Amino acid sequence: MLFRSPAIRAEGDQVTIERFEARTPGNGTISATGTVSPAAPGLPAEITVTARNARPLRSDIVTSVFDADLRLAGRLLQDSRLSGRIGVQRVDITVPERLPPSVQRLDGVRERGRRPPNTPPLAPPAPPAAPTAAPDIALEITVEAPRAVFVRGRGIDAELGGTLGIGGSTAAPAVTGGLNLRRGSISVFDRRIDFRRGSIAFNSGTLIPTLDFLAASRAREVTANVTVTGPANDPKIEFSSTPELPQDEILARLLFDRRASELSPFQLAQLAQVLA
């Protein structure tokens, strides 16, 4: 973000923020006005935050553009509250095509025996991080996203909309409501299947979107179902059918409208690729 020179005035034990503005990518703005009393117990404040076409954060999972009218009031170090409305213009949720390899840390590892000559010693364990003392601010925010919430990746192409309530606190946000499917489909190999239902929710204490989608198609006297569930950064894609069949049989009917025993060698290779 690009910050403009703020206009701040001090009078007695109160500091007045007359203008504080920042520009975000895409020419959006975030501005703040209000008062703060630094010398008073608990650091009382009353600050209004306004955003227009703002795009302050960008991650590999979620990017957004929104308007906001928020108010932060109370003693910042004790019992403050952030309330107001956020109007979402667009959200893009990207489901990664491949998950990055993770490295696990093994605790309790000890060196035994003699180290070969000229071998550097093992690095000492990193000291524990000092706990941060950031203030815990109560939340009372309504997020309105009637449309243009897009989920894409791993063959998914969907649009959702809805209203969320964000309560709890900055340390443990609690999100109520959810986003429901407006339209969408999933592509399995070269077969496109429309979603019958879909929703996005947020688990308590985290703002990572959780997906719940169902697509279904009729093929060879079998109803094949594709479900996408779990967090957006690591969803689970599963196949099932009515009547119940093995995975390879479901995909054979879904992709080629044939039984697995009727597939050609080339089709079997394609089926193996999808299963992988």
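**Second pocket**

I started with the lining of the second largest pocket, which by class has 10 nonpolar, two polar and two charged residues. For the classes I counted Ala, Val, Leu, Ile, Met, Phe, Trp, Tyr, Cys and Pro as nonpolar, Asp, Glu, Lys and Arg as charged, and the others, Gly among them, as polar. My pocket rule, on a 1 Å grid over the protein atoms alone, is an open set of points where a 1.4 Å probe fits, with protein on both sides within 12 Å along at least five of seven lines; lining residues have an atom within 4 Å of a point. I got a volume of about 420 Å³ for the second largest pocket. Of its 14 lining residues, Arg 154, Val 188, Ile 237, Phe 239 and Val 274 are the closest to the centre. Strand S10 (173-188) is among the elements giving two or more residues, along with strand S14 (236-242) and helix H2 (265-275). S10 gives the most, three residues. Helices (H or I, at least four residues) and strands (E, at least two) are DSSP runs, numbered from the N terminus.

**Ground rules**

I'm working from a predicted model, so local features need pLDDT of at least 70 and side-chain atom pairs 80 or more, while totals for chains, interfaces and linings use all residues. Residues are numbered from 1 along each chain as its sequence is written, and side-chain values use heavy atoms, with hydrogens and water left out.

**Confidence**

I looked up pLDDT (the predictor's confidence in each residue, from 0 to 100). The protein chain has a mean of 84, and 83% of its residues reach 70 or more. Over residues 99-106 pLDDT stays under 50. Where pLDDT is low, the predicted coordinates should not be read in detail.

**Helix H1**

Is H1 enclosed or open? Eight of the 10 residues of H1 (residues 247-256) are buried, so the helix is largely enclosed by the rest of the structure. Buried means under 20% relative accessible area, exposed over 50%, partly exposed in between (1.4 Å probe, protein chains only). I noted Glu 249 and Arg 253 among the buried residues. The buried residues of H1 pack against S10, S11, S12, strand S13 (222-231), S14 and H2. Asp 257 follows H1 and has a positive phi, near 55°.

**Leu 139**

I found Leu 139 in strand S8 (residues 138-153), buried at a relative accessible area of 11%. Its C-alpha is separated by 5.6 Å from that of Gly 168, 29 residues apart along the chain. Beyond four places in sequence, the contacts of Leu 139 include Arg 81, Leu 82 and Pro 173; contact means heavy atoms within 4.5 Å.

Definitions and conventions. Grid points are joined across faces, edges and corners, and a volume is the space filled by probe spheres set on the points.
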